[in-house]
Amino acid sequence: VTELAQSVFDARTVARQVLPVNERQSTWRDIQAEILSCEKCPQCQLLGKSQDQSHSELEAIDVVLVTEYAAPDQISESEKLLRNALAALSLGEGGRIARSFRCSLFKARAPQSTALDSDINKNHADTCLPFLLQEIRAIQPRAIVLFGERVATTLLNLVAQPKMSDLRKIQHSYLDIPVIVTYSCEEMLSDPNCKYDVW
């Protein structure tokens with residue numbers, strides 16, 4: 001990660017984004033109820049949904065990490081890798097552990113087969129994206145980390161499909177919140193050299 005990108009994780013210089021009252025979204029409980037009741041695409045019916053954490057655990061979150069899918073039923077190699085990345089995350093002087101929270105672009109659990117993942121199209125991303133945006137507004141983190149090209153191009157509304165190596169060099173933002181783009185866990189598993197860049 002470039003020095004510019006690293007600087008956004010300094011808790012002393014990054015102010016928490018506070019939205020005006022009239023721009024605040026539904027409560028966390030309302031958002032999760034909407035996600036659980038959504039039947040706009042077949043993904044969740046096929047893969048199932050994950051229940052997110054309660055709102056009481058969302059106070060003063062430093063970093064929101066956005067993966068493609070919600071946590072799977074069983075701990076996969078990809079999930080182990082993500083948890084290791086979370087454990088390595090620290091902020092500020094003294095190596096203070098960041099309060100992080102995981103969200104996902106798709107609200108379905110991660111597919112066990114890459115064949116299922118290849119069937120996911122842009123329409124499914126557009127269906128799930130409003131939920132993710134509401135979650136980010138509700139949490140109001142200091143920074144956001146996006147894992148993977150599909151997550152990055154969707155959330156940042158990128159028309160072109162730039163290379164991940166280029167995306168990583170740019171300091172992005174969403175609602176004035178610093179955003180860092182990095183490789184997905186699947187990419188790290190397929191190319192272990194990516195792990196160094198992510199860490």
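## A buried aspartate and its partner

Aspartate 62 is buried, with a relative accessible area of 4%; buried stands for under 20% relative accessible area, exposed for over 50% and partly exposed for values in between, with a 1.4 Å probe and protein chains only. Arginine 142 is partly exposed, at 22%. Aspartate 62 and arginine 142 form a salt bridge, and their closest N and O atoms are 3.3 Å apart. The pair links distant parts of the chain, 80 residues apart: aspartate 62 sits in the loop between helix 3 (43–47) and strand 1 (63–67), and arginine 142 in the loop between helix 6 (122–139) and strand 5 (143–147).

## Basis of the description

This is a predicted model, in which local features need pLDDT of at least 70 and side-chain atom pairs count only at pLDDT 80 or more, while totals for chains, interfaces and linings use all residues. Residues are numbered from 1 along each chain as its sequence is written, and side-chain values use heavy atoms, leaving out hydrogens and water.

## Other salt bridges

The structure holds six salt bridges (a side-chain nitrogen of Lys or Arg within 4 Å of a carboxyl oxygen of Asp or Glu). Among them is arginine 102 with glutamate 79, with 2.4 Å between the closest N and O atoms. Arginine 102 lies in strand 4 (residues 100–104) and glutamate 79 in helix 4 (residues 77–88), so this pair ties together parts 23 residues apart in sequence. Helices (H or I, at least four residues) and strands (E, at least two) are DSSP runs, numbered from the N terminus. Both arginine 102 and glutamate 79 are buried. Glu79, Arg83 and Arg102 are linked in a salt-bridge network.
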